[in-house]
Amino acid sequence: MRYAQGGGLTDAGRGARERIRLEAVERFGRGEKNREIAAALRVSERSVERWRRAWRERGEAGVLTKGSPGRPRLGPTQISRLERELARGPLTHGWADQRWTLARVKTLIGRLFHVSYTVEGTWRLLKRHGWSWQQPARRAIERDEEAVEPVEEGGLAAGKSTAAACGGWIVFEDEAGQSMTPPRARTWGRRGRTPVVRVRGRGSGRVSMAGMTCYKPGQRSRMFSAVRECNGRKDQPKGFGWRDFRDLRARIQLGGPIVLVWDNVRIHLTAPLREFIAANADWLTVFQLPSYSPDLNPQEGVWSLVKRDIGNLAAADLAQITRAVKHRLKQIQYRPDLVDGCLAGTGLAMDG
């Protein structure tokens, strides 16, 4: 069935529906049963029952369509207001969780505009205006949106200006870790039976990862990483220390000044590291990301790719986790398109 841009039936669609209903009227006159008519016309029996009732009460005129009832009942101004209210989230409108369902959107439309939509009509309305059913990203409640907004809207203006002035690279740094328990990944299973992934309950330890995604206009994007395995042995470091960040060899391999962008984790704010940054201000400039905003760091996208690849991995020991992580990081390192995609996923841009 064809719909016009405004939401109503086209002339061809209306004509097809009227021909179907006229044929149904003829079959009513021949005394055919509803099931036979529904099968012949490829419509539901309920529709045939409704048409037969209208035919008995008002004749042929009661069965024929009355033109297009599908014109949108919300104007452009109302649609704009609805989208603003949807962007505010369900919590603002009194629901306990943060899911927009069709039933809730239908209720919201009734509250705002005193217009009644069906659930199916609500679905069509949302689809028509560019909305879809999606899995949301998580953001911390403590996040300061006023601090994040300038970064999202203007990009890394200060960092880009500094990098352009010194002819350097913008480098995003972050750390992550992986235990023996692998991330859960989607898999096919029989309906009604939850698939079970068997992993080892014994064993401890953690694989620590540190990475840098590096960008410079006109240059191939780069990614550097370091992996450290911790088995819980005595005097074994549990992760990366400030000396590890100091000794990262990104400057030597990039061959130029660095504008480093990272978060406010405690290890980044230690006095020795701050002294090292101050002592090397000729080639190193550091910018801090707003608190609780990991979605602005493209290195988080790299960790997502790594953990997606080891999803449901039933590792025999920590060494197998380490090998899988290193293998995936090496693959990403030779795929600058993936590194660029991680930057695009943040909404930030290097150009402009």
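Student: Why is Arg-27 called buried?
Tutor: Buried means under 20% relative accessible area, exposed over 50%, and partly exposed in between (1.4 Å probe, protein chains only). Arg-27 has 16% relative accessibility, so Arg-27 counts as buried. This is a predicted model: local features need pLDDT of at least 70, side-chain atom pairs count only at pLDDT 80 or more, and totals for chains, interfaces and linings use all residues. Side-chain values use heavy atoms, without hydrogens and water, and residues are numbered from 1 along each chain as its sequence is written.

Student: What makes Arg-27 and Glu-32 a salt bridge?
Tutor: A salt bridge needs a side-chain nitrogen of Lys or Arg within 4 Å of a carboxyl oxygen of Asp or Glu. The closest N and O atoms of Arg-27 and Glu-32 are 2.8 Å apart. That meets the cut-off, so the label holds.

Student: Is Glu-32 buried or exposed?
Tutor: Glu-32 has 17% relative accessibility, so Glu-32 counts as buried. Glu-32 also meets Arg-30 in a salt bridge, at 3.2 Å from N to O.

Student: Why is Arg-30 called exposed?
Tutor: Arg-30 has 52% relative accessibility, so Arg-30 counts as exposed.

Student: How do you know that Arg-58 and Glu-57 form a salt bridge?
Tutor: Their closest N and O atoms are 3.5 Å apart. That is within 4 Å, so the pair counts. Elsewhere, salt bridges that share partners join Glu-23, Arg-27, Arg-30 and Glu-32 into one network.

Student: How many salt bridges does the structure hold?
Tutor: Nine.
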